[in-house]
Amino acid sequence: MSQSLEHDLRDAVDAEVRFASGDRALYAADASNFREVPRGVVIPKSMDEMVKIIAICARHGASVVHRGGGTSLAGQTVSAGSVVIDSSKYCNRILEIDPQARLARVEPGVVLDDLRKAAGQHGLTFGPDPATHNHNTLGGMLGNNSCGVHSLYARRTVDNVRELEVLTYDGVRLNVGTTPDDVLAQKLIMPGREGEIYRGLKALRDAYADEIRRRYPRIPRRVSGYSLDELLPERGFHVGRALVGSESTCVTILSATLELVPDPKHKVLLVIGFDDVANAADAVPDLLKFRHTKDSNGLIALEGMDADLPHYMKVKNFRVEDLQYLSKGNGWLLAQFGGDTQAEAERHAEACRQRMSRHPHVVDMRLLTDPEEREKLWKVREAGLGSTAWVPGMADTWPGWEDSAVGPDELGAYMRELKALYAKYDYKGSMYGHFGDGLIHSRITFGLHTDEQVANYRRFLEEAAALVVRHGGTLSGEHGDGRQRAELLPIMYGETLIEAFGAFKRLWDPLGRMNPGKIVNPKPLDTDLRYGPQFERKKPEYHTLFKFPESQNSFSRAVMRCVGVGECRRHEGGTMCPSYRGTREEKHSTRGRSRLLQEMLEGDPIRNDMQSDAVHEALDLCLSCKACKKECPVSVDMASYRAEFLHHYFKSHPRPLASYGMGLVHVWAPWAAKAPWLMNLITQTPGLSAIAKIVAGVHPYRDLPKFASRTARAQWRSASQHRDKRVILWMDSFNNHFTPAPLLAAGRVLELSGHEVVASPKGLCCGRPFYDYGRLEAARAYLQRCLDVLTPLLDERTWLVGVEPSCLSVFKTELLSFFPDDARAKRLSERALTLGQYLTMHGHAPIYLERDVCVHGHCHHKSVIGIDAEMELLKSTGRKATLLDDGCCGMAGAFGYETQKYPVSEAIARQGLLKHLDQTPDDHLIAADGFSCRHQITHFSQRQHQTLPELLLAAMSKGEVS
């Protein structure tokens, strides 16, 4: 039957139709606790195709579920046996923005930040802004009725909807919005399904209006259940808004007309520290007296967090540098004020500060007026979900009761009782969230791995539901019900309104094919648990060469780290995830790769363990940039997972040609160096080079690197001896054999700065290219030799300094993964520094730059080593030094040479690096230390560039850089 459906879909539409086991596995989970394998995945290229897809699914009786950013925490986008429709790749057009009417019309796949950026050109914004704003979609926000930080100012998504264009499962296409009495009268006498729907909605409204008014909580953040209150006469019988939050259980949204609000031109952030987070919650009603109104600027966001959240960030070493902007305290309120001028925003904040200075539980306050400082502290709050997951030394935390909400005046009392309920079950969970709206986020140590833990989880949720209802609150104030809370809805609404919910769904979806099992007729909340007892009993363990010390020495546990936040799906900013940016494919995101590795542990539908072609296909385009190691809030280390997987995979699969060419450059380069002219004759001569590229698996457009006539090692002669500080200059294979100038410049800079410099012993190599093709046994042997040779040399006055970031990063990551308990490995890792780090720590000669400089940082430099020292060094010259936020260059060693990967390499380069270089003034210097990065710049750009050592040497030698 699935084959017939797949065939008909392929026949009728140009959409990407994917029913293979790997595709089904990829969409089997979201950010929730649940896992359900779908029937197939369809990625439409237009909304007209969407209509055809629904019709074909209806003809086959196939249930459907819509998915946007895939970040649902309640399991809205998992549905066993359904067809998942992903609109995020293509159906993402902003159809219209009307700044006068303050309206925007969008397709469901539009990313929120893309709309905000477009609206921002008119001084407007779409107000609701969840923490996932840089990658979530408007369709997902409409499905879940999302809110966010500024819902205090802009309210929920439902409150910002003017009209929806929707499609029912049986093919009725409607525009639904507010329905004045005269329009409603006309709708009621219409023939066919449209008239039937409106007659049913009016009858439902009339039958249940009193119960809706009685049972729906009058609080800012009611999200649970259907929005039947929008059908009340006092709400204008707004059918569009009644469908917001329906979790794709009723209709397909084809487009949405959304209301925009003015974006305050100036903002400041008042950080208020309390002695306890519950006392901070008690103060919320007092602060709300300063809130923004239609007639006056003021408080536009009020977030809260407890002391556990920053503590967990310190334990994980995640965004620790941003915690400096917190005030003192054990619980905080972050109060953001807006104004037409900076002075006005500060005036509102100062009035609040004066008021809160008299509060008995306030211990400290801090006003942040600098936009960069404010943004960094907001990032701390936005990272809450990831920061509270996989905390070393603590039991695993899970969603489940992560967004309950009450009225702001009840928040403190509810929080104390909820903490007591945690204690009853011996649970822990940091509390943070949208305190101005009475909402608490919290990941809790449910366990979920044993039958007893799951039983306790159910009992806790039932008690928690009763508790929040006693406080006049809601099960969900932002994330919706999904699989997680739908079963608990009778506790909140009673059986009468549950009947109304069923009637509402049947009006739109009589056959029950739209995302079944959500809100109405839910599955039990303790079934289909992704990492439940069934998974725990069958979870495989693998003998690995990497030890994965951060994950209890377990590869299986390591690949389970991803919790689905989806930060790797952002389109700009930071470095993660370059291949996703180049392809916009879920399987080429860090999350997608994690999902497939997790599904490999499940064993169905992905089989063959470490021999899975589906997993290999997803990992093949990973550039091993290591950005996820730093930028992912749960520190997913995909580069290591990939190398380990490939180590096993290539035991029974042939390696690609490129793995023997550029992938082993460090092996054959020393031989080529004996006769570089001969190698250059082959690689640089037209005709011969074409053959060489075919043999080596190199794309015909890519130039092969030219060997230097003499290596850096052959040219280096130390001019200094017996100084207090001694440096071993790491002669990496790339610069040593192809571009000796950076190494020679680094050595000379060190000598000019008063340090003795010697070349690293001959025959040593970090083995960086080995990891790209899973040659871990060889890589480990190389590092073992490094330890044996270098350990006796690294005394108290001796350090190892390198130029190539990708080589130095081996000593920071892979070395410790192979030898986590070896004191020699720890010492080598600590003593291996970049030139910038060493000069910053140990002093350097005066440096003067005549021109400003823009720095393209190598991925490993930014993600593993840290590039702050280099930037401080450049800024100390008195010139402007800018670190380009351009992501990965797309070269990544052998990656950019490979025939099949060249198009992706180019796409990544054009999306980030090349775009930023085009925007960089011609009179600025371009600095790039990475060998691959320089090759990519030369290949695709006319811009001249230098390495930091060359730039510094010129500045030291001549007093200027011309």
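Trainee: Which residue stands opposite Met305 in E14?
Mentor: Trp332 is the residue that Met305 faces there. This is a predicted model, in which local features need pLDDT of at least 70 and side-chain atom pairs count only at pLDDT 80 or more, while totals for chains, interfaces and linings use all residues. Residues are numbered from 1 along each chain as its sequence is written, and side-chain values use heavy atoms, without hydrogens and water.

Trainee: What makes E13 and E14 a pair?
Mentor: Two strands pair if DSSP finds at least two bridges between them. Strand E13 (residues 299–306) and E14 have seven, in the antiparallel sense, so they pass the cut-off. E14 also pairs antiparallel with strand E12 (residues 266–274), over nine bridges; in that pairing, Val268 has Phe337 of E14 as its bridge partner. The labels come from DSSP runs numbered from the N terminus (helices: H or I, at least four residues; strands: E, at least two).

Trainee: Why is strand E14 called mostly covered?
Mentor: Strand E14 (residues 331–339) has nine residues, and nine of the nine are buried. Buried means under 20% relative accessible area, exposed over 50%, and partly exposed in between (1.4 Å probe, protein chains only).

Trainee: How do you know which residues of E14 belong to which side?
Mentor: In a regular strand the side chains alternate between the two faces of the sheet. Gly331, Leu333, Ala335, Phe337 and Gly339 are on one side of E14, with Trp332, Leu334, Gln336 and Gly338 on the other. They are all buried, and both faces are therefore covered by the cut-off for that word.

Trainee: What makes E5 and E9 edge strands in their sheet?
Mentor: That sheet is open, with five antiparallel strands in the order E5-E6-E10-E8-E9. Strand E5 (94–98) and strand E9 (173–177) each have a single partner strand, so one side of each has no neighbour in the sheet. Further in, strand E8 (residues 161–167) runs antiparallel to strand E10 (residues 252–259) and is joined to it by six bridges.

Trainee: Is Asp528 buried, exposed or partly exposed, and why?
Mentor: Its relative accessible area is 33%, so Asp528 falls in the partly exposed class. Its phi is near 60°, a positive value in a residue other than glycine. Asp528 is in the loop between helix H19 (489–508) and helix H20 (533–538).

Trainee: And why does Ser635 get its class?
Mentor: At 15% relative accessibility, Ser635 is below the cut-off, so it counts as buried. Ser635 also has a positive phi, about 55°, without being a glycine, and its loop runs between helix H25 (627–631) and helix H26 (638–649).

Trainee: What kind of peptide bond joins Asp604 and Pro605?
Mentor: A cis one, with omega at about 15°; Pro605 is in the loop between helix H23 (590–602) and helix H24 (613–620). Met576 and Cys577 are also joined by a cis bond, with omega about -10°. Cys577 belongs to the loop between helix H21 (555–559) and helix H22 (578–583).

Trainee: Which residues does Val667 touch?
Mentor: Leaving out residues up to four places away in sequence, Val667 touches Phe770 and Tyr782; contact means heavy atoms within 4.5 Å. Val667 sits in helix H27 (residues 665–672) and is partly exposed because its relative accessibility is 35%.

Trainee: Which element gives the largest share of the lining of the second largest pocket?
Mentor: Helix H6, with four residues. That pocket has about 1100 Å³ of space, and among its 38 lining residues the closest to the centre are Tyr153, Ala154, Arg155, Asp159 and Lys294.

Note on methods: On a 1 Å grid over the protein atoms alone, a cavity is a set of points where a 1.4 Å probe fits but cannot get out, and a pocket is an open set with protein on both sides within 12 Å along at least five of seven lines; lining residues have an atom within 4 Å of a point. Grid points are joined across faces, edges and corners, and a volume is the space filled by probe spheres set on the points.
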